[in-house]
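Q: Could you walk me through how to read the features of a structure like this one? I would like the general idea each time, and then the case at hand.

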Amino acid sequence: MKRRNRQLESNESDAINVSPLIDVVFILLIFFIVSATFVTLPGIEVTRPQAVTGKALEKNAVIFALSGENEIKYAGSTVQMEEIPTLVEQASKDRGKPVVIQVDRWADASILAKIVAQARKKSSEVSIATRKPRA
Amino acid sequence: MRRRLAQEPESTEINVSPLIDLVFILLIFFIVATSFVNEVGITPKHKDTASSSANLEEPLAFDLPASGQLLQDGSVIGLEQIAPLVRSRSTEKKPSVLVRVSPGARAGLATQVMDQAMLGGAQAVKLSPLAQ
């Protein structure tokens, strides 16, 4: 009888205590939920122009890209200049999201100027993505 | 009777495995869905038509022709001359800068001109396209 009791006890202590694991996983989960901002990326990578006065931009923004071939990209597809105000309005849903334009340094500047003008119709803050010059 | 008593505490424990499974799936979803976009950039601010007409001061205009040069008042200047020019203009209030770009000018250069103008303390920088 005594032996049996002991066996039962050792069986119980063999089980791994998962509570700290759950704690850690919950903390990670909460971190990722809080930091998640669902932005639609334009889907192309551009060579950003260098700028010394560049500041960190709002993460939750409507992002357009202007490729080196002068194509305007939004959410993975090519869009027309006239569609920009509608797209900005749809994406920001009355919350006044800022607009970020990722421009390729070899793109046409007059097209960039037109995109900025179009985006300004619906958003008060239009930024141009740059990169820090290497020191 | 005794056996039953010994078993009971074990069976009343909540089985947490499905909970862990679910939490792990959520965790993986959020890890994958999180895109860390840390964008750096410039925000050229400019006042729109109504208020700019009240501003009597002529904006400092830079021209970017298709040739890739940078013109100010008809003469070719270098990028490093922009900031001092803007600074010398700021007498009592911060000057506004207008960057006129022709089709064919490079966006990289236009951005650098705006950057330099903001470095020189320009309050409002406007990018305006020129007709062909």
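Q: Leaving aside its neighbours within four places in sequence, which residues is Leu112(A) in contact with?

A: Two residues are in contact if their C-beta atoms, placed from the backbone, lie within 7 Å. By that rule Leu112(A) is in contact with Leu66(A), Ile101(A), Val103(A) and Ala107(A), and also with Ala107(B), Ala110(B) and Leu127(B). Before we go on, please note that this is a predicted model: local features need pLDDT of at least 70, side-chain atom pairs count only at pLDDT 80 or more, and totals for chains, interfaces and linings use all residues. Residues are numbered from 1 along each chain as its sequence is written, while chains are lettered from A and ligands numbered from 1 in the order in which they are written.

Q: How many residues does the largest nonpolar core have, and which have the most contacts inside it?

A: In soluble globular proteins, nonpolar side chains tend to be buried together. A residue is buried if 20 or more other C-beta atoms lie within 10 Å of its own, exposed if 12 or fewer, and partly exposed in between, with C-beta atoms placed from the backbone. A nonpolar core is a set of buried Ala, Val, Leu, Ile, Met, Phe, Trp, Tyr and Cys residues joined through C-beta atoms within 7 Å. Here the largest one has 51 residues, and Ile101(A), Leu112(A) and Ala110(B) have the most contacts inside it.

Q: What are the elements of each chain, read along the sequence?

A: Helices (H or I, at least four residues) and strands (E, at least two) are DSSP runs, numbered from the N terminus. Chain A has 4 helices and 6 strands, running α-α-β-β-β-β-α-β-α-β. Chain B has 5 helices and 6 strands, in the pattern α-α-β-α-β-β-β-α-β-α-β. As for burial, 33% of the 135 residues of chain A count as buried, and 28% of the 132 residues of chain B do.

Q: Why is strand β2 of chain A largely enclosed?

A: In a regular strand the side chains alternate between the two faces of the sheet. Strand β2(A) (residues 62–66) is largely enclosed by the rest of the structure because 5 of its 5 residues are buried. Val62(A), Phe64(A) and Leu66(A) are buried on one side, and Ile63(A) and Ala65(A) on the other.

Q: Which strands does β2(A) pair with?

A: Two strands pair if DSSP finds at least two bridges between them. β2(A) runs parallel to β5(A), joined by 5 bridges, with Phe64(A) opposite Ile101(A). β2(A) is also joined to β3(A) (residues 72–74) by 2 bridges, in the antiparallel sense, and Leu66(A) has Ile72(A) as its bridge partner there. In the hairpin of β2(A) and β3(A), 5 residues lie between the strands, and Asn70(A) takes a positive phi near 60°.

Q: How many residues of chain A are in contact with chain B, and which element supplies the largest share?

A: Here 45 residues of chain A are in contact with 39 residues of chain B. α2(A) supplies the largest share of chain A's side, 8 residues. That side divides into 29 nonpolar, 7 polar and 9 charged residues (Ala, Val, Leu, Ile, Met, Phe, Trp, Tyr, Cys and Pro count as nonpolar, Asp, Glu, Lys and Arg as charged, and the others, Gly among them, as polar). Strand pairing spans the chains as well: β6(A) and β1(B) (residues 40–42) are antiparallel over 3 bridges, and Ala129(A) has Gly41(B) as its bridge partner.

Q: Is Lys126(B) buried or exposed?

A: Lys126(B), in strand β6(B) (residues 124–129), counts as buried because it has 22 C-beta neighbours inside 10 Å. Not counting residues up to four places away in sequence, Lys126(B) touches Pro44(B), His46(B), Leu98(B) and Val99(B).
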